[in-house]
Amino acid sequence: MSSAEPLLPPRPAGRPRRHTRVLAAAAVLPLLMGALGACGYGSQKKADDEGASALPAAGGEKIDGLDKVKVGYFANLTHATALVGLRKGGQIQRELHGTKVSPFVFNAGPSEIEALNAGSIDIGWIGPSPAINGYVKSHGSNLRIISGSVSGGVKLVVNPKKIKTLDDVKGKKIATPQLGNTQDVAFLNWAASKGWKVDAQSGKGDVSVVRSDNKVTPDAYKSGAIDGAWVPEPTASKLVADGGKVLLDESSLWPDKKFVITNVIVRQEFLEEHPKVVEAVLRGSVKTNAFIKANPEQAKNAANAALKEETGKPLPAEVIDPAWKSIQAIDDPLASTLNTEADHAVQAGLLEKPDLEGIYDLAPLNKVLKAEGKPTVSDAGLGVK
């Protein structure tokens, strides 16, 4: 990949540039994202595999005549809707009838955005920060946020022998899942709020940010390579089980302790060409969230079974029980908080202030919510006009 690659894709002829560019200081971010995406970083099933591992269809006619829909998500409890709803016999697969689900598992958002941009996936569960960055990079031409999914489930867990107070974090090594992912941005913003200086690209400064795959972070903690981590569930509870202490729950930093950790996004072209498929996935998502709320124990077991399929082993009770309690399934993307998420990226030095108008298309979701007798949700003025 050439170092001369533009920060953002070339502007199509005649198309106004509505979105601000990534800061020159953050030039390496999109390049790194591209490199990570190209090598399948964090992906257990390659996103260019054309869905060789597609789940069995539920039966019936194919929606929009489509053979399969390629869906991306993480093997994290913060992606509980996908873990539960995409399983064989799950609500999402059932709503798709004869159209198969081709699942692709990622470690963090930037690599999933690259897969979406390449057309390797059609729909994805993802955090707000990479969704914002992906929207800005494509000048608003490639993705839409179409639903919320999960709130909460992110914690700062530390070695209590080395870090006893929040001020003690200064000078320590703290892991985040990936440069530019939602937890990375959140930690950089929190560090800035403490008055600490950190170079976002290198992670060096008053506190050292170590970008570490969630799968290896517990081993890094046990070896002493890191002093703590700002991570989603179940990684946070794995660290606690290994002797770590929760020093901060990110929900405590948000009004009403609610913030979206996972949204549902879609390629705009796919939404235009297969609206009924998108609606079916959203209908399955809404029904899955309702199931999770009404049957927490059963849903927890289903999510753990999915994690076993993805990682080779289920989570022990001492990990999954506290982790499950810290997440909340939601349909509302809490759009009013998205500008705050964007401001965090700006303050971290990863973006200039972006124009997010048009990032949401909640019409399909609101159609599903009305049909289910549920209240509709707002795009906070950031929806498609």
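Leaving aside neighbours within four places in sequence, Ala 345 is in contact with Val 185, Leu 350 and Leu 351, where contact means heavy atoms within 4.5 Å. Ala 345 and Val 185 lie 160 residues apart in sequence, but their C-alpha atoms are 5.8 Å apart in space. Ala 345 is found in helix α13 and is buried, with a relative accessible area of 7%. Here, buried means under 20% relative accessible area, exposed means over 50%, and partly exposed is in between, with a 1.4 Å probe and protein chains only. Helices (H or I, at least four residues) and strands (E, at least two) are DSSP runs, numbered from the N terminus.

This is a predicted model, in which local features need pLDDT of at least 70 and side-chain atom pairs count only at pLDDT 80 or more, while totals for chains, interfaces and linings use all residues. Residues are numbered from 1 along each chain as its sequence is written, and side-chain values use heavy atoms, with hydrogens and water left out.

**The chain as a whole**

- The chain has 14 helices and 11 strands.
- Of its 385 residues, 57% are buried.
- Among contacts in the chain with a separation of 6 or more, 79% are between residues 24 or more positions apart.
- The chain exposes about 15,200 Å², and carbon and sulfur atoms supply 50% of that area; accessible areas come from the Shrake-Rupley method with a 1.4 Å probe, and for residues only the protein chains shown count as cover.

**Phe 74**

- Phe 74 is found in strand β1 (residues 68-74) and counts as buried at 7% relative accessibility.
- Residues that Phe 74 touches, not counting those up to four places away in sequence, include His 79, Leu 83, Phe 106, Glu 112 and Trp 125.
- Phe 74 and Phe 104 are 30 residues apart along the chain, and their C-alpha atoms are separated by 8.3 Å.

**Aromatic pairs**

- A search of the whole structure finds five aromatic pairs.
- One of them joins Trp 190 and Trp 196 edge-to-face, at 5.6 Å centre to centre with 90° between the planes.
- For these pairs, rings of Phe, Tyr and Trp (its six-membered ring) need centres within 6.5 Å; planes under 30 degrees apart count as stacked, over 60 as edge-to-face and the rest as tilted.
- Both Trp 190 and Trp 196 are buried.
- Ring pairs link Phe 187, Trp 190, Trp 196 and Trp 230 into a cluster.

**Pocket and cavities**

- The largest pocket holds about 600 Å³ of space.
- It has 26 lining residues, and the closest to its centre are Asn 214, Lys 215, Lys 238, Lys 313 and Leu 315.
- The elements giving two or more residues to this lining are β2 (100-106), α7 (217-223), α8 (235-241), α11 (296-311) and α12 (317-325).
- By class, the pocket lining divides into 12 nonpolar, seven polar and seven charged residues; Ala, Val, Leu, Ile, Met, Phe, Trp, Tyr, Cys and Pro count as nonpolar, Asp, Glu, Lys and Arg as charged, and the others, Gly among them, as polar.
- The structure also holds three cavities of 30 Å³ or more, and the largest cavity has a volume of about 70 Å³.
- Residues lining the largest cavity include Phe 74, His 79, Asn 181, Gln 183 and Ile 261, and the whole lining has four nonpolar, eight polar and no charged residues.
- On a 1 Å grid over the protein atoms alone, a cavity is a set of points where a 1.4 Å probe fits but cannot get out, and a pocket is an open set with protein on both sides within 12 Å along at least five of seven lines; lining residues have an atom within 4 Å of a point.
- Grid points are joined across faces, edges and corners, and a volume is the space filled by probe spheres set on the points.

**Backbone details to look at**

- The peptide bond from Glu 233 to Pro 234 is cis, with omega near 15°, and Pro 234 sits in the loop between β8 (228-232) and α8.
- Lys 257 is not a glycine, yet it has a positive phi of about 60°; Lys 257 lies in the loop between β9 (245-249) and β10 (260-267) and counts as exposed at 57% relative accessibility.
- Leu 334, also not a glycine, has a positive phi of about 50°; Leu 334 is buried, with a relative accessible area of 18%.

**Helix α14**

- The buried residues of helix α14 (residues 363-371) are Pro 364, Leu 365, Asn 366, Val 368 and Leu 369.
- Their cover includes β4 (143-152), α9 (268-273) and α10 (275-294).
- Just after α14, Gly 373 takes a positive phi of about 70°.
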